[in-house]
Amino acid sequence: MSNVETDPVALRCGAADHREPAPQVDVLSARDVPLGGPRAMTVRRTLPQRARTLIGAWCFIDHYGPDDVADTGGMDVAPHPHTGLQTVSWLFSGEIEHRDSLGSHAFVRPGELNLMTSGYGISHSEVSTAATILHGVQLWVALPEQHRNTRRDFRHYVPNPVRVGGADIRVFLGSLAGDTSPVRTFTPLLGAELVLDPRSTTTLPVTAAFEYGLLVDQGNVRMAGTLLHPAELGYLGTGNDTVTLTNESDTPARAVLLGGTPFEEQIVMWWNFIGRSHEDIVDAREAWENASDRFGSVEGYDGHRLPAPALPNATIAPRKNPTRH
């Protein structure tokens, strides 16, 4: 998915409603962002923003739908480039056709992971298919310095659901609830879809070295005592070996749990590129505008590729998470 930056919103800190002390959960609200391309589909973005740039190596969270493609036209993101990251596509409903310069031609479907590694450079397109209700998330993972120029790659994986307490869990990256995804990541990560029974409470054993983000899709979910509403992202820092989730709704709730060890490297992130310096971004943009072999070409897309936006009239500064007090 292609990124169009907007002014981020502020963070609020949640206080637990229980008498016993609970870990602090920061609540990040979403902002509406139009995607590039002729149809300009709007998504809800919770990462990055001023309050938080990364959760582990997760650096980008877009949440969209439910969107009736027959009425709205759905998603049509023309070929665009990426560097220094992995894209993670996960749908709740609908279907997206994916094409990339590696030659991959695949369909993103509900409950199926499509993971694309850009490394030094890749380009791809994303188009929703006809007559579907499009609903899901698009996520990015920053590659560490050691691997950010790795080769292009594309992986597909279908996790089986695992039942824990009052939750059905699909682990698409990392390990949780006794299940492990075979898909390679370059830093320790977790990505899982959770569907919580109505009025249920589930406590999950988690990795204390990880920080976590819970994106609520539907229902009202209490994370470690802090209530999260749909489209909100709850952030929980390191040092917790369990996380307790309560569905406060009379219907099933759905959320995506993301985690990882804190990503200690500073990144420069602009448009669809992740580097370590302003010069990295300038070089990547120039290569894309000059149709360099660095990004290859996408075959089969009916239309023109996306042009790069103009660079800002300032040096693009590295981003890091603020110090938590």
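In which sense do strand β7 and strand β12 pair, and over how many bridges?

Author: This is a predicted model, in which local features need pLDDT of at least 70 and side-chain atom pairs count only at pLDDT 80 or more, while totals for chains, interfaces and linings use all residues. Residues are numbered from 1 along each chain as its sequence is written, and side-chain values use heavy atoms, with hydrogens and water left out.

Strand β7 (residues 85–93) and strand β12 (residues 133–142) pair in the antiparallel sense, over eight bridges. Strands here are DSSP runs of E with at least two residues, and helices are runs of H or I with at least four, numbered from the N terminus. Two strands pair if DSSP finds at least two bridges between them. One of the bridges links Val88 to its partner Leu139 in β12. In general, strands of a sheet pair through backbone hydrogen bonds, either parallel or antiparallel.

The two strands belong to an open sheet of seven strands, ordered β3-β4-β5-β12-β7-β10-β13, with antiparallel pairing. Its edge strands, β3 (31–34) and β13 (153–157), each pair on one side only. Neighbouring strands of the sheet are turned by 25° against each other on average, direction ignored; the axes are lines fitted to C-alpha atoms, and angles run from 0 to 180 degrees between N-to-C directions.

On from β7 in that order comes β10. Four bridges join β7 to β10, and the two run antiparallel; Gln86 has Thr117 in β10 as its bridge partner. β10 also pairs with β13, again in the antiparallel sense, over five bridges, and here Asn114 stands opposite His156 in β13.

Strand β10 (residues 113–117) is mostly covered, with five of its five residues buried. Buried means under 20% relative accessible area, exposed over 50%, and partly exposed in between, with a 1.4 Å probe and protein chains only. Leu113, Leu115 and Thr117 lie on one side of β10, Asn114 and Met116 on the other, and both faces are covered.

As for the whole chain, there are two helices and 27 strands. Buried residues make up 58% of its 325 residues. Among contacts (heavy atoms within 4.5 Å) between residues at least 6 apart in sequence, 72% join residues at least 24 apart. The C-alpha trace spans about 60 × 45 × 35 Å along its principal axes.
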